[in-house]
Amino acid sequence: MTIGERIKEVRKNEKLTQQEFADRLNLKRNTVGSYEVNVVEPSDRTIKDICDKFGVREEWLRTGEGEMMAADTQSDKIAAFLGDLTRDDDDNFRRRFVEMLADLSPADWKLLEHMAEKLTQKKEHP
């Protein structure tokens, strides 16, 4: 697999059009297309940007070796979730739920923690 094919795989994995992918990287759509068909080799800067913006391992992008995605830390997962949530204009359940959590008092958090522990115990010991 070529670097262009791996770039295309990243884009497809993110469910983005070439234009959307290009916009995220501040590139032109035809530049992305040129990468994907191996007409143009991406610069080191572009490779770094792809890795940073989409959580791709640089070694995989350059060589195809190893896993495509970098392992997320718990903080990365939370940040990504909240980032998705803030871009979401819908009044969906996830957004309403997080807004409700943001308004909890310390006592409410203790109660919620206690309830979660009880639910976990019931699941572990039916």
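Visitor: Let's start with aspartate 23. Is this residue buried, partly exposed or exposed?

Guide: Aspartate 23 has 47% relative accessibility, so this residue counts as partly exposed; the label "exposed" needs over 50%. Aspartate 23 is found in helix H2. Keep in mind that this is a predicted model, and that every value here is computed from it.

Visitor: How far is aspartate 23 from threonine 86, C-alpha to C-alpha?

Guide: The two C-alpha atoms are separated by 19 Å, and the residues are 63 apart along the chain.

Visitor: Where does glycine 4 sit, and is glycine 4 buried or exposed?

Guide: Look in helix H1, which covers residues 3-13. Glycine 4 has a relative accessible area of 0%, so it counts as buried.

Visitor: On to backbone angles. What should I look for in phi?

Guide: Most residues other than glycine have a negative phi, and most peptide bonds are trans.

Visitor: Where are asparagine 26 and asparagine 38 placed?

Guide: Asparagine 26 is in the loop between helix H2 (18-24) and H3, and asparagine 38 is in the loop between H3 and H4. As for cover, asparagine 26 is exposed at 69% relative accessibility, while asparagine 38 is partly exposed at 38%.

Visitor: Which residues form a nonpolar patch on the surface?

Guide: Val37, Val39 and Val40 do, and together they have about 280 Å² of accessible area. Take valine 37 as an example: this residue is in the loop between helix H3 (29-36) and helix H4 (44-54). With a relative accessible area of 58%, valine 37 is exposed.

Visitor: Now salt bridges. What's the general idea, and how many does the structure hold?

Guide: Side chains of opposite charge can pair when their charged atoms come close. This structure holds eight salt bridges. One of them joins arginine 62 and aspartate 44, whose closest N and O atoms are 3.1 Å apart. Arginine 62 lies in helix H5 (residues 58-63) and aspartate 44 in helix H4, so this pair ties together parts that are 18 residues apart in sequence.

Visitor: How accessible are arginine 62 and aspartate 44?

Guide: Arginine 62 is partly exposed at 36% relative accessible area, and aspartate 44 is exposed at 53%.

Visitor: What about bridges inside a helix?

Guide: Aspartate 49 and arginine 45 make one, again with the closest N and O atoms 3.1 Å apart. Both lie in helix H4, four residues apart, which is about one turn of the helix. Their cover is worth a look: aspartate 49 is buried, with 15% relative accessible area, whereas arginine 45 is exposed at 55%.

Visitor: Last topic: pockets. How do I read one?

Guide: Rolling a probe the size of a water molecule over the atoms shows where empty space is left. Here, the largest pocket holds about 410 Å³ of space.

Visitor: Which residues lie nearest the centre of the largest pocket?

Guide: Glu14, Lys53, Ala80, Asp84 and Arg87, out of 13 lining residues. The elements that give two or more residues to this lining are H4 and helix H6 (74-87). H6 supplies the largest share, five residues.

Visitor: What is the make-up of that lining by class?

Guide: The lining of the largest pocket has nine charged residues, three nonpolar and one polar.

Terms used: Residues are numbered from 1 along each chain as its sequence is written. This is a predicted model: local features need pLDDT of at least 70, side-chain atom pairs count only at pLDDT 80 or more; totals for chains, interfaces and linings use all residues. Side-chain values use heavy atoms; hydrogens and water are left out. Patches are made of residues with over 30% relative accessible area and no salt bridge: like charges are joined within 9 Å, nonpolar side chains (Val, Leu, Ile, Met, Phe, Trp, Tyr) within 5 Å. Accessible areas come from the Shrake-Rupley method with a 1.4 Å probe; for residues, only the protein chains shown count as cover. A salt bridge is a side-chain nitrogen of Lys or Arg within 4 Å of a carboxyl oxygen of Asp or Glu. Buried means under 20% relative accessible area, exposed over 50%, partly exposed in between (1.4 Å probe, protein chains only). On a 1 Å grid over the protein atoms alone, a cavity is a set of points where a 1.4 Å probe fits but cannot get out, and a pocket is an open set with protein on both sides within 12 Å along at least five of seven lines; lining residues have an atom within 4 Å of a point. Grid points are joined across faces, edges and corners, and a volume is the space filled by probe spheres set on the points. Ala, Val, Leu, Ile, Met, Phe, Trp, Tyr, Cys and Pro count as nonpolar, Asp, Glu, Lys and Arg as charged, and the others, Gly among them, as polar.
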